[in-house]
Amino acid sequence: MSRPPMRRGGSALDQAEAAFKAVTSKPVEAAPAPKSQTPPAGKELVSLRLDRDVLEHFQEDGPGWQERINAALRVSAGLE
């Protein structure tokens, strides 16, 4: 038995599908680069362990306790 000659590009069905995909496929768009979230005033997120009583002292006055801790550390470090 002899085989039928092989044609380039596959069968007519394969060629039709490839042509259809080329015409109907949307071009792949590059995803926008994620926006980096820069903390205000050059602040950096860190993990810090504080004694419970120190933390409670700064939290007693309500919101803004992190800023108060930062201010106290700046004074202690001689930065202000």
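The side chains of Arg52 and Glu56 form a salt bridge, with N to O at 4.0 Å; a salt bridge here is a side-chain nitrogen of Lys or Arg within 4 Å of a carboxyl oxygen of Asp or Glu. This is a predicted model, in which local features need pLDDT of at least 70 and side-chain atom pairs count only at pLDDT 80 or more, while totals for chains, interfaces and linings use all residues. Residues are numbered from 1 along each chain as its sequence is written, and side-chain values use heavy atoms, leaving out hydrogens and water.

**Fold**
- The protein chain has 3 helices and 0 strands, where helices (H or I, at least four residues) and strands (E, at least two) are DSSP runs numbered from the N terminus.
- Along the sequence the pattern is α-α-α.

**Salt bridges**
- The count is 2 salt bridges.
- Arg52 and Glu56 lie 4 residues apart in helix H2, about one helical turn.
- Arg52 is exposed at 52% relative accessible area, whereas Glu56 is partly exposed at 41% (buried is under 20%, exposed over 50%, partly exposed in between, with a 1.4 Å probe and protein chains only).
- In the Glu80 and Arg74 salt bridge, the closest N and O atoms are 2.7 Å apart.
- Glu80 is exposed at 65% relative accessibility, and Arg74 is partly exposed at 32%.

**Surface**
- Of the 80 residues in the protein chain, 4% count as buried.
- Val54, in helix H2 (residues 52-59), is partly exposed, with a relative accessible area of 35%.
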